[in-house]
Amino acid sequence: MEYAEFKALFVKSLQENSLEPQSDDIIRLFCEFDNHLHKVNVITNLTAIRNTPDAISKHYIDSLLASAYIPPNARVLDIGCGPGFPSIPLAITRPDLSIVALDSTAKKIAFVKESAEILSFGNLKAIAGRAEDAKIIANLGKFDVVVSRAVARMNVLCELGLPYVKIGGKMLALKAAKAEEETSEAKNCIRVLGGTDVAMHATELINLDGSAEPRCIIEVQKAKATPAIYPRAYAQILKKPL
């Protein structure tokens, strides 16, 4: 898509979702990324979203809903980033952040790495692996914020994410629905892993076609260290959630 058309759609989506305006330089980066995403997606199935208006709403703007809850200069881990959401939109709009994008699917991480090179990011590192892998566990307790979008239910996601949050930091779970039910289900898990206060920030994602979808960002504060036995192997987490 040509830049002028992309910009008009992107600006409209920002406005309809009450997000801050972005500079031409930032919107051009989104446009460049969007063209790259759709080009690669033709030959490598990265996302079911195949058109730019939906990608703007359901990927880029949806990812940016989390930005307001991330403090300046934070070190961020994106667990289950897929083809870069929310890590790439956050990296574009928040150069103050240092972001690690993690996913177990090699082709998606390859795409994130390639995108970071094309867009000349200096604040985004992509790693292929799982949260319980030994090469990742070396980073336990080192992130100000762990963020995850549409990866797992809260009683599973918390065990994958909270061990990586430093004391005084937070985990942000980007959810579409059932946030209250999942948060209630995860109360024991959050307590065992060192989490404390939980806030639920409910909103709506306004799509470019005028439709609206429920969204909720679940914010979990980390108050004390996670016991060293966590995270367990993923199969064990699924079989017996905390």
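**Close-up views of a predicted model**

View 1. Residues are numbered from 1 along each chain as its sequence is written, and side-chain values use heavy atoms, with hydrogens and water left out. Helices (H or I, at least four residues) and strands (E, at least two) are DSSP runs, numbered from the N terminus.

**View 2. The crossing of α2 and α3.** Two packed helices are described by the angle between their axes and the distance between the axes. The axes of α2 and α3 come within 11 Å and cross at roughly 120°; axes are lines fitted to C-alpha atoms, for helices over the stretch in contact, and angles run from 0 to 180 degrees between N-to-C directions. That angle makes α2 oblique to α3, because angles under 35 degrees count as roughly parallel, over 145 as roughly antiparallel, 65 to 115 as roughly perpendicular and the rest as oblique. Phe 30, Phe 33, Asp 34, Leu 37 and His 38 in α2 meet Thr 52, Ala 55, Tyr 60 and Leu 64 in α3.

**View 3. The largest nonpolar core.** A nonpolar core is a set of buried Ala, Val, Leu, Ile, Met, Phe, Trp, Tyr and Cys residues joined through side-chain atoms within 4.5 Å. The largest one has 47 residues, of which Phe 10, Tyr 60 and Leu 124 touch the most other members. Helix α2 (residues 24-43) gives the most to this core, with 7 residues. Apart from this core lies another, of 31 residues, among them Ile 79, Ala 131, Ala 152 and Met 171.

**View 4. Two cis peptide bonds.** Most residues other than glycine have a negative phi, and most peptide bonds are trans. A cis peptide bond, with omega about 10°, joins Phe 85 and Pro 86, and Pro 86 is found in the loop between β1 (75-79) and α4. The bond from Tyr 230 to Pro 231 is also cis, with omega near 5°, and Pro 231 has its place in the loop between β7 (212-222) and α10 (234-239).

**View 5. Two serines with positive phi.** Ser 18, in the loop between α1 and α2, has a positive phi near 55° although it is a residue other than glycine, and this serine is exposed, with a relative accessible area of 66%. Ser 120 is found in the loop between α5 and β3 (124-128), where its phi is positive at about 60°, and Ser 120 is exposed, with a relative accessible area of 63%.

Methods
This is a predicted model: local features need pLDDT of at least 70, side-chain atom pairs count only at pLDDT 80 or more; totals for chains, interfaces and linings use all residues. Buried means under 20% relative accessible area, exposed over 50%, partly exposed in between (1.4 Å probe, protein chains only). Contact means heavy atoms within 4.5 Å.
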